[in-house]
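Open the model in your viewer and keep the selection tool handy. We will go from one stop to the next, picking residues and looking at what surrounds them.

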Amino acid sequence: MFKWLRSLYFKPKQKLTAPEEFLLEGIPADWAGPLTVIGISFALFSTCWLLIAKRPTSERLQNKYRLRHADGDSDRYYDPVSGQSHRIFKSELATRTLSIIHALICTFGAARSLHLDKKLTVDTLWYSSQIARFYFSISIAYFGGMTIISLVAYRIYGALYSIHAIASFVSLAILVFAQQFHYYGCLGLLWEASTPFLNVRWMMREYGIRVRLLSIVNDYALLIVFGTTRILFGVPILTSFWFELSAARRSGRLGRGHFALLTGLILTFTAVNLQ
């Protein structure tokens, strides 16, 4: 009688033997969706980057890094100092094109999340929106790739770009897997609205596109959007976020290490926005 009851309510767990089973057993079930979106997004971003990176090297890059023709292939260049392939040095167009695509997706996603999920504005720290989480997962794939590129091609992108990519990746990992701070995460993604104008400006200068009206309109749009989203609203938003985190820390809802990490990220994004 008692053995039968125990068999009903205390069923023995299935014995795991292979290491792959142990690995999957340790992954939380609610991570499956985001990990799938991250994997697919990373594959698509990587494919696009590799295709665009085949474009001809511009004269500016040739002169700046003193690239030389590879023997037997007039379209391939290399750096005589480091020996790096020309693809590393001409990857900037691919990187900037992807950043435009990502900016359009994530700003749309952030605005859509704030519009559809009204609870985000009610509980600004702890409420988790699955709509926003979907777009955060796409964004983490993008910044994961940008982190790799910025470190491999550090000579091209420099410290600031690498720090921005790493800080964004860490922040999005917290948003996706800890499922916290989704309201402020959406506001942060809206800052990317200035990215297309910034990259169009670079492309026009890089390839000598001299359309005066387009250049003037783009420059004014960049000034207005960047100044509005990243400075006029961006800095106060980060300040408000820090004060809310401080209150959560005092009430014991936020650990010391977590608070220190988030404070460091807030200071990093403030510096990037004010650069």
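Start by selecting D219: at 30% relative accessibility it counts as partly exposed, a class that lies between buried (under 20% relative accessible area) and exposed (over 50%), with a 1.4 Å probe and protein chains only. The side chains of D219 and R201 meet in a salt bridge, 3.4 Å from N to O; the term requires a side-chain nitrogen of Lys or Arg within 4 Å of a carboxyl oxygen of Asp or Glu. D219 belongs to helix 11 and R201 to helix 10, so this pair ties together parts that are 18 residues apart in sequence. Helices here are DSSP runs (H or I, at least four residues), numbered from the N terminus.

Before moving on, a note on what you are viewing. This is a predicted model, in which local features need pLDDT of at least 70 and side-chain atom pairs count only at pLDDT 80 or more, while totals for chains, interfaces and linings use all residues. Residues are numbered from 1 along each chain as its sequence is written, and side-chain values use heavy atoms, with hydrogens and water left out.

How many salt bridges does a search of the whole structure find? There are 2. For the other stop of this kind, select E192 and R230, whose side chains meet at 3.6 Å, N to O. Because E192 sits in the loop between helix 9 and helix 10 and R230 in helix 11, the pair ties together parts 38 residues apart in sequence. Are these two buried or exposed? E192 counts as buried at 9% relative accessibility, and R230 is buried at 7%.

Next, show the whole of helix 11, residues 212-232. Its 21 residues should span 30 Å at 1.5 Å a residue, and its end C-alpha atoms are 28 Å apart, which agrees; the expected span is 1.5 Å times one less than the number of residues. Colour its buried residues: N218, A221, L222, T229 and R230. Among the elements covering them are helix 9, helix 10 (195-206), helix 12 and helix 13.

Follow helix 11 to helix 12. The two pack at an angle of about 15°, with their axes 4 Å apart; the axes are lines fitted to C-alpha atoms over the stretch in contact, and angles run from 0 to 180 degrees between N-to-C directions. That makes helix 11 roughly parallel to helix 12, as angles under 35 degrees count as such. To see the contact (heavy atoms within 4.5 Å), select T228, T229, R230, I231 and L232 of helix 11 with G234, V235 and P236 of helix 12.

Of its 49 residues, F136, F181 and L245 touch the most other members. Helix 7 gives the most to this core, with 10 residues. Hide the rest and look along helix 7: 17 of its 23 residues are buried.

Centre on L245. Leaving aside neighbours within four places in sequence, L245 contacts L125, F181, L254, F259, L262 and I266.

Finish at Q180, in the loop between helix 8 and helix 9. Q180 is buried, at 17% relative accessible area. Not counting residues up to four places away in sequence, Q180 touches L125, W126, I174, L175 and H258.

Note on methods:
A nonpolar core is a set of buried Ala, Val, Leu, Ile, Met, Phe, Trp, Tyr and Cys residues joined through side-chain atoms within 4.5 Å. Angles under 35 degrees count as roughly parallel, over 145 as roughly antiparallel, 65 to 115 as roughly perpendicular and the rest as oblique.
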